[in-house]
Amino acid sequence: VSIWVLRGLRDGVVTSRWPARPDPYADGWRGPVRGSAPGGPAGVIPSCPTGAISVTGGAVRVDQGRCILCGRCVAERPDLFAWSRGATGPAAAVLAREALLVPEVPETDQGVGAARVRLRERTAALRRSVHVRHVDAGSDGSEEWEIQALLGPVYDIHRLGVFFTASPRHADVLLVTGAGARGMAAPLRTTYDGMPDPKVVIAAGADAVSGGLLGVSEAVTGGIAATVPVDVWLPGSPPSPFGILNALLIAVGKLAAGGGPASQRAAASPGPRSDAGATGEGDASKAARRRAGETERAGETQ
Amino acid sequence: MTMAQTDVSTLWTELTSRVGAGDRFAGLFATRVEGGPLVLSAHVATAGGIDTLEAPLPPGAASYPALTPRLGAAFWYEREIHDRFGVIPEGHPRLAPLIRPGSPEDHALPRHVEGYGIFTIPHGPVRSGVMESIEYLVETPGEAIPHLNMRVFYKHRGVEDRFAGMTPADGVLLAERAEGIASVAHALAFCHAVETIAGCQVPPAAALVRVLHAELERIANHLDVAVRLVDAAGLAVAAARFALHKERVLRLVSRLCGSRFGRGVIIPGGVSAVPVLPPAQILAEAGQLRQAVTADAAALMTTSSFLDRLRGTGPLTSQRARQHGALGPVGKAAGYADDARLARPYDGYRSLAAPPAPGHTAGDALARLRVRWEEVDQSFGLLRQAAEDLPERSPDRARVTCEPAGGRAAGWAEAPQGEVIYDVELVDGRIVRCRPRSASFHNLVLMHEVFTGDILTDFPFIEASFGLSVAGVAL
């Protein structure tokens with residue numbers, strides 16, 4: 001056993017410091033495609049295998065919730081489409097399905113604002129440490145790998161107070177992958193119902209958000225929202241481990257959620273992040289959250 | 001590849017006699033073209049390729065004589081056909097739903113073993129840890145596992161049906177997502193089928209890039225199995241070490257192509273682009289990785305508390321491996337090696353020095369791990385050869401035009417789990433049907449048979465040592 005002690009010291013600290021410090025791998029990540037700002041499309045719009053591209057009001061939009069990152073549109077029309085950069089940040093996981101339309105439609109702000117308020121009310125009750133239950137509702141298997149990576153030494157979510165739990169009874173967050181296989185609808189619903197309130201649901205990956213390439217069929221429901229109410233939408237096929245980590249921290253209110261004012265969304269490119277949310281929260285607000293949580297829990301027992 | 005049409009009983013006779021003579025049964029499936037009869041197709045792997053044998057059922061036939069009593073390896077294949085088309089294989093031992101959930105009445109707990117104190121532990125589909133959804137029904141008196149049953153239908157996604165109507169360019173994207181941890185192998189098998197139909201030849205540079213990605217995928221998968229095994233044994237440091245190596249491999253892949261799973265690289269006719277990293281840098285990084293992995297693997301294989309858990313655990317006999325045609329490391333560990341890279345070489349494997357077949361026969365979890373380490377070492381060797389050859393070829397085109405109008409062919413590739421086969425039929429440049437067969441589907445059924453003498457705490461070791469993905473089973 002002693003050989004393992006020495007081997008463990010071999011590479012020094014390999015753990016990322018994100019979100020306290022920026023991480024180059026997260027910032028350089030190639031995310032879902034963005035459409036072009038209004039200006040009027042010229043010529044042929046490339047065919048998208050998942051139908052993520054739409055043209056309305058002179059703007060070419062990409063539904064990032066459908067984007068499977070095949071890159072065909074970027075290769076054919078680099079003037080209209082570009083990769084988004086960075087696996088983290090407020091725009092990498094959003095609080096309303098419509099906020100994944102990029103560039104955003106004008107109505108988005110309202111929907112996201114309401115969603116943020118709702119989520120805030122619930123996550124206020126979550127303490128510094130959160131427990132996550134993962135359910136595979138018809139994934140291709142790659143999402144599970146990326147979630148397991150979070151338990152490894154590079155991402156090490158335990159340092160952020162996030163733990164995976166076997167029992168839904170202990171879980172605050174339901175992290176769901178997969179296109180919503182109909183065979184998994186009942187087990188997924190049972191797991192959700194088994195979790196105590198307050199609870200937050202993350203749809204992780206294009207499949208979970210929209211069904212991805214599988215769409216809606218006899219076998220899948222085209223995303224998990226048909227079975228459980230989704231709070232945080234995380235695109236990607238599969239999403240990167242940093243993307244999943246980012247979504248988890250947004251879900252529990254440790255990081256600022258995106259999809260708000262257009263200026264905030266524009267800042268999705270790599271740059272300084274809202275580290276304060278993860279580390280520098282004031283004691284007063286913490287105490288307020290704790291009180292809110294206690295009130296809510298007391299209310300439940302009556 | 002040859003294609004022969006006959007009637008069902010002649011097909012079964014031919015199939016069993018060919019398997020008896022040394023060919024390998026590689027799959028059975030049914031297809032129905034609008035308004036036509038149901039056609040049963042069997043794949044037989046030979047030294048040079050995959051043969052397809054076909055037999056149409058008489059119009060309106062609701063049943064046919066089952067193959068399973070004559071060839072046990074067809075057990076799950078015939079259940080799948082029954083699930084999809086409702087046609088009954090007469091004489092099949094157990095026609096419970098396999099890949100489609102069916103109705104709730106079918107979900108009653110089955111009981112195979114009777115006896116005092118025997119009970120069934122339903123384990124899944126939502127299991128402890130971050131796992132794919134599958135349900136194991138463990139019949140046990142408390143410790144021993146006299147019988148194990150599996151339900152894989154929970155995460156059936158309708159992948160096979162989804163292919164219909166797609167262009168080959170879209171189809172390869174779906175193939176990548178059929179079994180996400182073997183994206184490259186599935187894309188390769190699909191593209192090989194399309195390229196055979198088109199009769200096109202992949203440029204030499206693309207053939208090497210394909211090898212690069214396929215071998216990186218193999219290394220990542222085998223490291224994943226190592227993580228699971230040491231995690232089951234509670235070796236925290238070792239788990240962290242192998243997880244670190246796996247992460248480094250995935251990061252290298254993402255720097256080559258933008259995706260951590262090599263997605264978007266393999267396309268019909270070649271590759272979408274040559275790697276972004278210069279070959280010299282790939283060589284250097286792969287070299288460092290190889291050193292680190294080899295050293296930790298060597299340390300692991302002398303950690304006796306770990307080896308004790310694997311030795312003699314979940315043994316598959318050589319005889320059963322041969323009968324079933326067990327694929328990949330599961331077969332190799334039991335003395336049955338049929339590596340598509342060697343037996344039916346494709347792409348860069350035609351020109352690269354072939355990895356030797358490992359000579360293991362124990363068939364237990366330890367032998368499976370040994371096979372994986374040998375494969376990892378061979379993969380690094382192939383990676384090195386491919387990266388060294390790449391600069392000479394880089395002026396080459398990355399792809400040729402490959403847009404076949406119509407035809408049918410089978411394509412194959414050696415995934416980390418074993419051989420993947422795609423049977424693709426195109427009409428007017430679109431897929432009319434595409435049948436993926438993963439190694440996970442073919443091998444998982446063998447889990448029924450390897451619990452002789454093992455107890456509940458051996459379960460995670462046996463499951464991990466198979467190294468399969470449920471996504472590839474419940475397509």
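A: Helices (H or I, at least four residues) and strands (E, at least two) are DSSP runs, numbered from the N terminus. The model is predicted, with local features needing pLDDT of at least 70 and side-chain atom pairs counted only at pLDDT 80 or more, while totals for chains, interfaces and linings use all residues. Residues are numbered from 1 along each chain as its sequence is written, and side-chain values use heavy atoms, with hydrogens and water left out.

Q: Which helices each supply at least two residues of the lining of the second largest pocket?
A: They are α3 (72-76) of chain A and, from chain B, α4 (168-176), α6 and α7. A pocket is an open set of points on a 1 Å grid over the protein atoms alone, where a 1.4 Å probe fits and protein lies on both sides within 12 Å along at least five of seven lines, and a lining residue has an atom within 4 Å of a point. The largest share of this lining, four residues, comes from α3(A).

Q: What is the volume of the second largest pocket, and which of its lining residues are the closest to its centre?
A: The second largest pocket holds about 970 Å³, where a volume is the space filled by probe spheres set on the grid points, which are joined across faces, edges and corners. Of its 35 lining residues, R72(A), G264(B), I267(B), S272(B) and R399(B) are the closest to the centre.

Q: What makes the contact between R122(A) and D231(A) a salt bridge?
A: A salt bridge is a side-chain nitrogen of Lys or Arg within 4 Å of a carboxyl oxygen of Asp or Glu; for R122(A) and D231(A) the N to O value is 2.6 Å, so the pair meets that definition. R122(A) sits in helix α4 (residues 108-123) of chain A and D231(A) in the loop between α7 (206-210) and β10 (232-234) of that chain, 109 residues apart.

Q: Why is D231(A) called buried and R122(A) partly exposed?
A: Buried means under 20% relative accessible area, exposed over 50%, and partly exposed in between (1.4 Å probe, protein chains only). D231(A), at 13%, therefore counts as buried, whereas R122(A), at 23%, counts as partly exposed.

Q: Why can R210(B) and E195(B) be said to tie together separate parts of chain B?
A: The closest N and O atoms of R210(B) and E195(B) are 2.7 Å apart, in a salt bridge. R210(B) lies in helix α6 and E195(B) in helix α5 (residues 183-198) of chain B, so the pair ties together parts 15 residues apart in sequence. Both R210(B) and E195(B) are buried.

Key: Chains lettered and ligands numbered in written order.
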